[in-house]
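This report examines a two-chain model, with attention to one chain and its partner. The sequence and structure are shown first.

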Amino acid sequence: MRVRKRNIVLFLLLLIPLVYYVLFKLVVVPYAFYISLTDRALIGPKARKWNFVGLENYIKVAKDPSFHSALKNSFIYAMVCGVLGQLWLGLLLAQLIWHGKLHGKIRGKLVAFLYVLAVFTWIMPETVAAFEVRAMLGRREGLLNMLMRSLGLRPIDWFNLANTWLGVPIMLWALILANIWKGCTFSMTVSLAAMEGIPQELYDAAKIDGASWWQEFFYITLPMLKHLFPFMILVLFSGSFTHFTFLWVLMGGGAPEAGLWREANIAIYAYSVAFGYYLVGYGTAISVIVMLVYTVLGILVHYVRR
Amino acid sequence: MRRRILKIANTVAFYICCLLVLLYFATPHIWLITSAFSPESKPYIQLVRPTIANLVAIFKEHNFVHYAINSAIISVIGTLITVSLSVIGGYALHKLEVPDIVILALWVTTFVPLLAYIIPYYIYLSALGLVNTYIGAAIVLSVQNLPYYMWLMKNFLATFPKELEEAAMIDGCGRIRILFSIVLPLSLPPVGLIAAMAFNGAWGDFLAPLVLLSDRRVMPLSVGMFTETIRPWAVYEPWQYNLLAAFAILYIIPPILLFTFTHKYLRGLAMLGAGVRG
């Protein structure tokens with residue numbers, strides 16, 4: 001009897017957070033499905049009395065060219081940022097730091113500073129980071145354009161969507177460069193933690209042989225960390241796929257109409273449809289699609305993590 | 001001889017790489033700091049005539065204290081909810097045999113970002129009357145990653161010696177008593193870490209306040225610093241960089257402080273899958 005009573009207490013302890021979680025988060029999932037089947041609006045007559053329209057919103061999404069290009073840009077952004085940029089820059093940084101730590105006091109100090117700087121960039125609020133990048137990209141007087149001018153190159157108007165490179169507005173490449181800066185520390189910390197598990201004899205032997213840090217990288221670190229790649233790629237991909245805050249602030253901040261590129265990203269598109277055009281039903285249909293994508297990604301991460 | 005040249009080349013390559021990384025990472029931060037003390041709103045680094053006029057202006061004309069208090073209220077309430085629920089939930093998860101499917105469901109739903117459901121969420125919360133209230137924002141910020149923190153707590157408790165609890169149980173302690181007088185005092189480091197992460201997340205969040213706290217009375221710093229300084233009607237350059245930078249350098253002080261106290265644990269955390277929203 002006593003055992004049973006204890007279990008009830010435990011069960012209640014679990015139930016409190018679960019009820020809270022269901023009540024304020026999970027409940028929204030069926031509600032989102034329901035709203036996505038209506039033509040509800042945020043304001044106006046459709047906000048009070050809306051009609052059930054079936055799958056019409058989803059058909060509209062499938063035919064919407066803006067949605068297609070937003071999805072494409074989201075995909076490019078997440079692939080280039082996560083899989084190409086953040087993953088590899090993070091790995092290289094980890095290798096640089098690891099090498100520096102083992103090779104003398106001055107290098108150790110230097111890489112310790114690099115580590116603090118990278119982690120600081122990572123933990124600082126995305127709004128501030130985006131604001132810094134915004135200044136770097138300034139049209140006439142931004143640091144990046146000043147650098148290009150001093151190298152004898154033509155300055156670029158990053159915010160002009162008519163400028164393209166490889167068929168994609170140059171704005172997207174600028175956003176990618178910025179996000180690699182902000183987010184590569186995740187793979188760096190994961191790699192550094194994993195490198196502590198690599199037998200140190202390997203690095204010691206490499207040091208005696210006089211191997212450079214990039215030789216260590218290709219012949220020791222990379223083969224030993226390969227098993228972490230699926231996990232890191234999935235996490236980095238899903239981190240960038242619906243990047244909202246960073247891009248939103250970078251492109252407009254408090255003045256969203258000034259220079260906001262609605263198709264930059266699927267998240268920004270859904271947001272501007274729902275809160276800019278007040279088409280809640282349509283925006284929610286996009287949200288439901290995003291939710292499905294993240295459910296699949298979440299399941300994959302759950303299994304890859306082991 | 002060849003070996004010697006190679007060694008020198010390696011050293012040079014190492015320092016050049018370090019320098020490049022340093023420039024890439026530090027330049028924006030250097031700009032932020034110099035800009036906060038600069039008399040003009042310029043997107044390039046200028047060191048002439050440093051002034052504290054920007055800092056004075058954000059306190060006197062732009063209600064910095066008001067926004068900071070709002071931010072603090074929301075973050076503290078959110079952190080309290082997160083910590084208390086993740087402690088009891090993590091303890092229960094540790095003791096009970098929860099079916100795998102529940103764990104999977106919690107993990108996967110945590111993985112779905114706030115952004116994916118913010119639109120129906122806004123309608124739902126406004127029906128509950130929680131829009132433009134502190135408690136509403138605190139709920140939104142605390143509920144998002146709750147299962148993750150519970151799971152973190154559970155993982156810590158798995159390393160806990162069983163004998164302590166068993167001894168207490170023989171002495172006739174109930175579950176709640178064990179939790180509060182034995183488990184909790186011994187798990188202050190992870191609880192502190194959870195608190196730091198929850199606070200940092202709430203303090204830095206932009207999306208939830210943008211949607212839910214559009215009223216200036218309750219608006220926190222993350223949104224307020226932009227509404228105060230950006231002039232949408234100025235067509236060529238609506239950004240007042242130096243004022244915004246002054247806001248920003250004060251705004252990032254709490255995250256920096258939290259980081260200096262908790263960075264020791266960061267690496268272990270990254271291994272556990274933290275920073276999912278990277």
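The model is predicted, so local features are described only where pLDDT is at least 70 and side-chain atom pairs only at pLDDT 80 or more, whereas totals for chains, interfaces and linings use all residues. Residues are numbered from 1 along each chain as its sequence is written, and chains are lettered from A and ligands numbered from 1 in the order in which they are written.

**Overall architecture**

Chain B contains 14 helices and zero strands, whereas chain A contains 16 helices and two strands. These elements are DSSP runs numbered from the N terminus: helices are H or I of at least four residues, and strands are E of at least two. A residue is termed buried if 20 or more other C-beta atoms lie within 10 Å of its own, exposed if 12 or fewer do, and partly exposed in between, with C-beta atoms placed from the backbone. Two residues are in contact if their C-beta atoms, placed in that way, lie within 7 Å. The table sets out values for each chain.

| Chain | Residues | Buried | Share of contacts (at least 6 apart in sequence) joining residues at least 24 apart | C-alpha extent along principal axes |
|---|---|---|---|---|
| A | 306 residues | 47% | 67% | about 80 × 75 × 30 Å |
| B | 278 residues | 44% | 75% | roughly 75 × 70 × 30 Å |

The radius of gyration of chain B is 24 Å, while a compact globule of 278 residues would have one near 19 Å. This radius is taken over C-alpha atoms, and the globule rule is 2.2 Å times the number of residues to the power 0.38.

**Interface between the chains**

On the chain B side, 80 residues are in contact with 81 residues of chain A. Helix α1(B) supplies the largest share of that side of chain B, with 16 residues. By class, the chain B side comprises 59 nonpolar, 14 polar and seven charged residues. Here Ala, Val, Leu, Ile, Met, Phe, Trp, Tyr, Cys and Pro count as nonpolar, Asp, Glu, Lys and Arg as charged, and the others, Gly among them, as polar.

Nine of the eleven residues of α13(B), which spans residues 241-251, are buried. Among them are Tyr241(B), Leu244(B), Phe247(B) and Tyr251(B). The cover over these buried residues includes α7 (126-136) of chain A, as well as α1 (2-36), α2 (53-60), α3 (64-95) and α12 (221-229) of chain B.

Ile252(B) lies in the loop between α13 and α14 (253-271) of chain B. Ile252(B) counts as buried because it has 22 C-beta neighbours inside 10 Å. Leaving aside residues up to four places away in sequence, Ile252(B) touches Met124(A), Pro125(A) and Val128(A). Its C-alpha atom is separated by 9.3 Å from that of Trp203(B), 49 residues apart along the chain.

**Packing of α3(B) against α6(B)**

The axes of α3(B) and α6(B) (residues 134-143) come within 8 Å and cross at roughly 50°. Axes are lines fitted to C-alpha atoms, for helices over the stretch in contact, and angles run from 0 to 180 degrees between N-to-C directions. The two helices, α3(B) and α6(B), are therefore oblique to each other; angles under 35 degrees count as roughly parallel, over 145 as roughly antiparallel, 65 to 115 as roughly perpendicular and the rest as oblique. In this contact, residues of α3(B) including Ile73(B), Ile77(B) and Ile81(B) meet residues of α6(B) including Tyr134(B), Ala138(B) and Leu141(B). The residues of this contact divide into nine nonpolar, three polar and no charged.
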